[in-house]
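I opened my notebook today to get to know a new protein chain. Here is what I looked up, step by step.

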Amino acid sequence: LDAVLGGGGWDVGGTFEGPPPPTGPIRLGKNACYVVLAVLFNEEDGVLLVQEAKPECRGKWYLPAGRMEPGESIVAAMRREVKEETGLECEALTLLALEERGPAWIRFAFLARPTGGTLKTLEEADAESLQAMWWPSDPCALPLRALDILPLLDLAARYRRSPPHPPMLPQELPCALLCLRLLLAFDNDAGDLWVLLGTAGTPHLPVVACGTSPAELRGGLRLPVLRLLRDCLPPDPHPGPLGLLGLQHRAGGAGGGDGVCFNVLLSIPPSSPGAAPPEPHSPAFRWWRVEEESLRGCILQRLRAAATVPI
């Protein structure tokens with residue numbers, strides 16, 4: 001729990017809760033696509049934008065972004081895309097948001113800061129971008145490639161004013177599959193708190209794997225979570241919003257896999273004041289009551305302040 005709440009991770013292993021995981025690893029360019037995006041500001045609060053060179057959106061403006069390549073770490077891919085599209089070097093500060101359309105498309109949006117380089121000009125236009133600039137005004141005044149960057153700019157501005165969560169960056173740890181390690185909490189108005197544990201072997205936070213069938217790809221990261229909860233808790237539970245506490249990835253992990261393990265915080269709302277958590281259907285799970293005061297306070301603070309990276 002300390003590791004998860006601190007943004008860390010550890011070996012995923014080969015045991016998962018719920019249905020059997022896919023037999024083969026996740027591989028970029030085959031059954032997964034990871035995209036990186038960066039929000040950077042200068043000292044005058046201008047945001048770094050790039051003018052697109054691709055034929056389908058040539059001349060329009062967007063944040064620096066692009067696909068990860070096999071063999072790259074997530075942060076290295078972000079830094080490469082910023083360098084190629086803007087000419088600037090940068091340092092990642094925190095993950096701002098995780099956007100997903102199922103395991104086949106996941107975008108990692110970062111807040112970063114410039115550390116060097118020279119802004120790309122029209123004379124240096126290439127296939128990556130036409131030019132880059134620091135834009136000091138409302139981005140909607142420009143012809144944008146898409147409006148999906150506006151919520152990310154809002155998140156970045158709010159983070160700079162008052163960070164809602166600690167800085168969070170990917171941990172360099174291998175993972176063959178795409179999976180979620182769940183910190184599933186239940187708390188009531190009396191301040192009592194329980195965490196769901198898997199009981200196979202050493203008690204542990206449950207880990208569920210995402211499948212790669214067409215239906216599972218469409219269902220997104222939420223599908224394996226809901227499937228697990230339906231199998232183990234009565235009645236059909238309605239968890240609170242997913243929030244990211246951390247993630248781990250290492251390029252070319254076990255079996256050549258490019259999987260990611262996401263540490264996810266979510267909660268089950270109580271059915272009545274002072275309620276205890278619903279009894280699991282399966283002996284493979286049990287609720288553990290958190291008595292240690294500092295740990296309990298840390299989990300409750302993350303829950304009640306939504307102090308996680310939004311998914």
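The entries below go from the whole chain to one residue.

**Entry 1: the kind of model.** I noted before anything else that this is a predicted model.

**Entry 2: the fold in outline.** I looked up the secondary structure and found six helices and 14 strands in the chain. Next I checked the radius of gyration, which is 21 Å, close to the 19 Å that the globule rule gives for 311 residues, so the chain is as compact as a globular protein of that length. Along its principal axes, the C-alpha trace spans about 65 × 40 × 30 Å.

Entry 3: How many of the 311 residues count as buried? I found that 50% do. The accessible surface comes to about 13700 Å², and carbon and sulfur atoms account for 54% of it.

**Entry 4: contacts and charges.** I took the contacts between residues at least 6 apart in sequence, and 74% of these join residues at least 24 apart. For charges, I wrote down 28 positive and 36 negative side chains, with the centres of the two sets 3 Å apart.

**Entry 5: a visit to H249.** I found H249 in the loop between β11 (243-248) and β12 (261-267). Is H249 buried or exposed? Its relative accessible area is 2%, which is under the 20% cut-off, so H249 is buried. I then looked up its contacts, leaving aside neighbours within four places in sequence. Among them are Y34, M68, E72, S73 and I74. The list also includes Q171, E172 and L173, as well as D258, G259 and V260.

Note on methods
Residues are numbered from 1 along each chain as its sequence is written. This is a predicted model: local features need pLDDT of at least 70, side-chain atom pairs count only at pLDDT 80 or more; totals for chains, interfaces and linings use all residues. Side-chain values use heavy atoms; hydrogens and water are left out. Helices (H or I, at least four residues) and strands (E, at least two) are DSSP runs, numbered from the N terminus. The radius of gyration is taken over C-alpha atoms; the globule rule is 2.2 Å times the number of residues to the power 0.38. Buried means under 20% relative accessible area, exposed over 50%, partly exposed in between (1.4 Å probe, protein chains only). Contact means heavy atoms within 4.5 Å. Accessible areas come from the Shrake-Rupley method with a 1.4 Å probe; for residues, only the protein chains shown count as cover. Lys and Arg count as positive and Asp and Glu as negative; His and the chain ends are not counted. The place of a charge is taken as NZ of Lys, CZ of Arg, CG of Asp or CD of Glu.
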